Amino acid sequence: MTHPIVLSVVEPSQAGEARRKAASLAIRLGFSEVDQGKVGIVVTEVANNLVKHAQEGCLLLRSLEQRGAVGLEVLSLDKGPGMMDVGRCLQDGFSTGGTSGTGLGAIQRLSDRFEIYSVPAGTAILCQLWVDSTCPNLPAGELELGVVCLPKQGEEVSGDAYASQMVGDRQLLMIADGLGHGPLAAQASLEAVKIFQEQAQQDSAAILTAMHGALRSTRGAAVAIAAVNLQEQTVQYVGVGNIAGRLLDPESANERSTSMVSHNGTVGFEMRKIQTFNYSWIRGGLLIMYSDGLSTKWRLDRYPGLINQHPSLIAGILYRDFNRERDDVTVLVAREAN
């Protein structure tokens with residue numbers, strides 16, 4: 001899969017650049033000429049909306065791979081002024097900018113998955129397009145993921161990395177944050193991914209122990225692994241360093257969250273203690289894991305209804321509003337597939 005792309009879109013020439021980047025990515029992912037055209041229209045319309053109506057607009061493009069299917073995700077993020085009536089904005093012919101008013105409707109029709117979340121603080125639009133429109137349905141027992149994983153501004157590669165793997169009834173999720181940033185940090189985090197994939201049959205503590213040995217030749221990394229068993233409704237969590245994790249319960253007052261525990265240290269350098277903590281999986285809830293490129297001050301209950309949106313929208317909005325901007329950042333959001 002290709003590296004994710006983040007593009008600032010605040011003036012018309014940047015909208016054109018976004019379309020060209022998306023078209024190039026669609027070709028590399030194997031989209032047909034017809035579907036490449038769909039990608040071009042979707043990205044052009046989304047980018048033009050950012051130029052005309054938004055503030056501090058950006059587009060995130062990333063490749064998708066799920067159960068053998070390949071796709072492209074387009075995530076549009078801005079900071080205002082929001083849509084007063086999303087349903088009306090989706091109707092062909094409605095416009096607040098003097099255009100024909102078919103943009104959002106066309107985006108929705110051409111996308112295999114489409115969601116909007118809009119409040120006065122800003123709008124997030126999610127579009128997913130799959131090769132041959134083969135949008136995979138995840139079976140019960142698997143998690144649907146949304147991920148933002150981006151480098152520090154000015155860096156070409158991220159020192160963060162993430163991975164997911166099904167092993168029997170468990171789904172293992174991992175985030176690694178290589179010490180510092182840039183290529184050497186990326187080397188450490190990618191080595192962590194390699195060991196994670198090779199050792200996935202082991203328990204999480206054993207995987208982390210294997211990583212510790214393998215990362216000694218690198219800068220080292222902060223690493224956390226969550227093993228989710230939806231049948232048993234359990235989460236086993238083990239972490240070393242500053243990867244944070246929270247479980248959110250949407251049924252409780254103020255969407256109560258449980259913070260998961262990591263120990264101090266650096267995998268590959270100094271790891272004094274490995275301890276697995278056990279938590280209950282919350283039906284209908286979320287697991288959110290993130291590196292220290294994201295501020296810890298977020299609260300999802302300040303965004304009415306957001307907890308019920310697609311994990312990619314949640315990850316995107318947290319990135320938009322709480323990105324520290326001085327480090328690589330990863331936000332991984334997981335929810336049980338419907």
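This is a predicted model: local features need pLDDT of at least 70, side-chain atom pairs count only at pLDDT 80 or more; totals for chains, interfaces and linings use all residues.
Glu142 belongs to the loop that lies between strand E5 (122–130) and strand E6.

When neighbours within four places in sequence are set aside, the residues in contact with Glu142 are Arg67, Met166, Gln171, Leu230, Arg335, Glu336 and Ala337. A further relation concerns Gln231: 89 residues separate Glu142 from Gln231 in sequence, while their C-alpha atoms are 9.8 Å apart in space.

Strand E2 (residues 58–66) and strand E3 (residues 69–77) run antiparallel, and nine bridges join them. Within this pairing, Leu59 has Ser76 in E3 as its bridge partner.

Strand E2 also pairs with strand E1 (residues 5–8), in the antiparallel sense and over four bridges. Here the bridge partner of Ile5 is Leu61 in E2. Of the nine residues of E2, seven are buried, so this strand is largely enclosed by the rest of the structure.

## The five-stranded sheet

Strand E6, which was named above in connection with the loop of Glu142, takes part in an open sheet of five strands. The order of the strands is E6-E15-E14-E11-E12, and the pairing is antiparallel. The edges are formed by strand E6 (143–150) and strand E12 (257–260); each has a single partner strand, so one side of each is left without a neighbour in the sheet. From one strand to the next, the twist averages 15 degrees.

Helix H7 (residues 311–322) packs on this sheet and touches E6, strand E14 (286–290) and strand E15 (329–336). The direction of H7 makes about 30 degrees with that of E6. Elsewhere in the sheet, strand E11 (residues 244–248) and E12 run antiparallel and are joined by four bridges. In this pairing, Arg246 stands opposite Ser259 in E12.

## Arg246 and the aromatic pair

Arg246 also lies over the face of Trp298, at 3.8 Å from the ring centre. Trp298 is in turn a member of an aromatic pair, and a search of the whole structure finds one such pair. The ring centres of Tyr290 and Trp298 are 5.8 Å apart and the ring planes stand at 70 degrees, so the pair is edge-to-face; the cut-off for this arrangement is over 60 degrees.

Both residues of the pair are buried. Tyr290 counts as buried because its relative accessibility is 3%, and Trp298 because its relative accessibility is 1%.

## Helix H5 and its packing

Helix H5 (residues 183–198) consists of 16 residues. From its first C-alpha to its last it reaches 22 Å, close to the 22 Å expected at 1.5 Å a residue.

The buried residues of H5 are Ala185, Ala186, Ala188, Ser189, Ala192, Val193, Ile195 and Phe196. An α-helix has 3.6 residues a turn, so residues three or four places apart point the same way.

Methods. Residues are numbered from 1 along each chain as its sequence is written. Side-chain values use heavy atoms; hydrogens and water are left out. Rings of Phe, Tyr and Trp (its six-membered ring) pair if their centres lie within 6.5 Å; planes under 30 degrees apart count as stacked, over 60 as edge-to-face and the rest as tilted. Buried means under 20% relative accessible area, exposed over 50%, partly exposed in between (1.4 Å probe, protein chains only). A charge sits over a ring if NZ of Lys or CZ of Arg is within 6 Å of the ring centre and within 35 degrees of the ring normal. Helices (H or I, at least four residues) and strands (E, at least two) are DSSP runs, numbered from the N terminus. Two strands pair if DSSP finds at least two bridges between them. Axes are lines fitted to C-alpha atoms, for helices over the stretch in contact, and angles run from 0 to 180 degrees between N-to-C directions. Contact means heavy atoms within 4.5 Å. The expected span of a helix is 1.5 Å times one less than its number of residues.
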